[in-house]
Amino acid sequence: MTTRREFVAAGVAFVGCSLFPEAHAQVRRREVVVNGKRVRTIDVHAHAIIPEAQALMKQKAAPAYASTMAERLKRMDEQGIDMQALSINPSWYALERDLVTKVIELQNEKLAEICANNRERFVAFASVALQYPDLAVRQLEHGVKKLGLRGAAIGGSVEGLELSNAKFHPVWAKAEELGVLLFMHPQRTPDLDNRLKGNGGLDNTIWNPLETTLALSHLIYEGTLDRFPGLKLCAAHGGGYLPSYADRSDHVCLTFPERCAAVLLKKAPTEYLKQLYFDSLVFSPEALRHLAAQVGASQLVMGTDDPFGWTKTSVDHILGTPELSDAQRAAILGQTAARLLGISL
């Protein structure tokens with residue numbers, strides 16, 4: 001039994017001083033069943049922050065992070081989510097080397113601690129300082145081999161540099177060597193600030209999936225996925241807009257071959273989508289059906305974007321998509337994520 005002291009000591013933002021085990025014991029966990037069999041569900045898109053690291057970076061946490069561990073576990077239990085893979089959205093790519101070294105060390109140690117104290121409910125992705133690839137390589141290896149973290153959380157760009165930039169090749173090589181999953185979440189960048197103003201929260205509604213679309217497109221067209229064919233990469237928000245209009249990615253090379261001539265790709269651009277992974281955060285059965293048809297149901301994992309509340313029905317979203325078979329539902333709900341993250345079911 002994890003004690004109140006252990007939860008508080010972990011220092012994760014969703015851990016509050018009001019937490020005590022009895023508060024959570026009142027909520028019964030929803031058990032998810034597919035074709036008469038209990039399925040262990042895993043959410044790969046779940047955020048956390050470390051307050052001490054935020055203080056080092058002089059950053060203010062979003063209000064959503066104010067929830068306690070008890071509240072998070074209650075949400076998970078109500079929705080039927082057995083386990084979350086925690087990630088911290090990169091907000092440190094502009095920091096200088098000494099400071100970011102301290103930030104990442106603190107974050108990874110605290111994430112490892114919270115996971116060790118809650119082995120049945122949480123695993124976590126390591127934080128890495130991509131702006132210093134040699135440092136990121138060491139942080140990834142240490143996080144995986146020494147701290148038991150299951151991969152790394154990365155942004156969709158690094159201070160204006162695309163992930164396809166050769167500067168980052170050592171990081172992808174290390175991830176490929178370790179066989180671990182990279183969870184890619186879009187970064188806020190100033191590129192379109194002026195056009196994303198106004199109603200609708202377009203800096204999130206439009207920009208987040210757009211950044212993911214750009215990042216994946218560069219990784220494809222610049223040959224990065226050919227260079228690192230064993231790289232395991234999961235894109236947040238269903239891969240952004242790319243899977244929804246993927247055939248245009250092929251046709252640009254047919255209609256304007258000179259625009260694809262700089263790099264000789266080994267296969268059609270859309271084929272690379274079948275070696276990537278995508279979360280299920282696309283909101284409707286038709287969107288999920290199309291995503292599965294485009295990339296393969298085997299490439300999908302469940303994502304909620306907790307604690308930001310984009311969905312409270314991630315399990316029902318998957319169960320309620322009629323075109324999926326029971327085997328595919330079970331895989332998306334948890335089996336594929338378990339394989340990618342090294343979790344025993």
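Trp310 is placed in the loop between strand E13 (300-301) and helix H13 (314-319) of this predicted model. With a relative accessible area of 39%, Trp310 is partly exposed, because the range between 20% and 50% is given that name. Together with Phe283 and Phe308, Trp310 makes a nonpolar surface patch of about 310 Å². The loop between E13 and H13 also holds Pro307. The peptide bond that leads from Asp306 to Pro307 is cis, and its omega is near 10°.

Ser280 belongs to another loop, the one between strand E12 (277-279) and helix H12 (285-295). Its relative accessible area is 2%, so Ser280 is buried. In sequence, 236 residues separate Ser280 from Val44, yet in space the two are 9.6 Å apart, C-alpha to C-alpha.

The description now turns to a pair of helices. Two packed helices are described by the angle between their axes and the distance between the axes. Helix H5 (residues 97-117) packs with helix H6 (residues 133-145) at an angle of about 15°, and their axes are 12 Å apart. That angle makes H5 roughly parallel to H6, since angles under 35 degrees count as such. The crossing in which H5 passes H6 is right-handed.

Lys58, in the loop between helix H3 (51-57) and helix H4 (69-79), has a positive phi of about 60° although it is not a glycine. Its relative accessibility is 78%, and Lys58 therefore counts as exposed. Glu159 lies in the loop between strand E8 (157-158) and strand E9 (161-162). Glu159, also not a glycine, has a positive phi, near 50°, and is exposed, with a relative accessible area of 59%.

Conventions: Residues numbered from 1 in each chain as written. Predicted model: local features only at pLDDT ≥ 70, side-chain atom pairs only at ≥ 80, totals over all residues. Heavy atoms only, no water. Patch = residues over 30% accessible without salt bridge, like charges linked within 9 Å, V, L, I, M, F, W, Y side chains within 5 Å. Areas by Shrake-Rupley, 256 points an atom, 1.4 Å probe, with all protein chains shown as cover. Salt bridge = Lys/Arg side-chain N within 4 Å of Asp/Glu carboxyl O. Helix = DSSP H or I, 4+ residues; strand = E, 2+ residues; numbered from the N terminus. Buried < 20%, exposed > 50% of the residue type's maximum accessible area, 1.4 Å probe, protein only. Axes fitted to C-alpha atoms, helices over the stretch in contact; angles between N-to-C directions. Parallel < 35°, antiparallel > 145°, perpendicular 65-115°, else oblique. Left-handed = near helix turned anticlockwise from the far one by under 90°.
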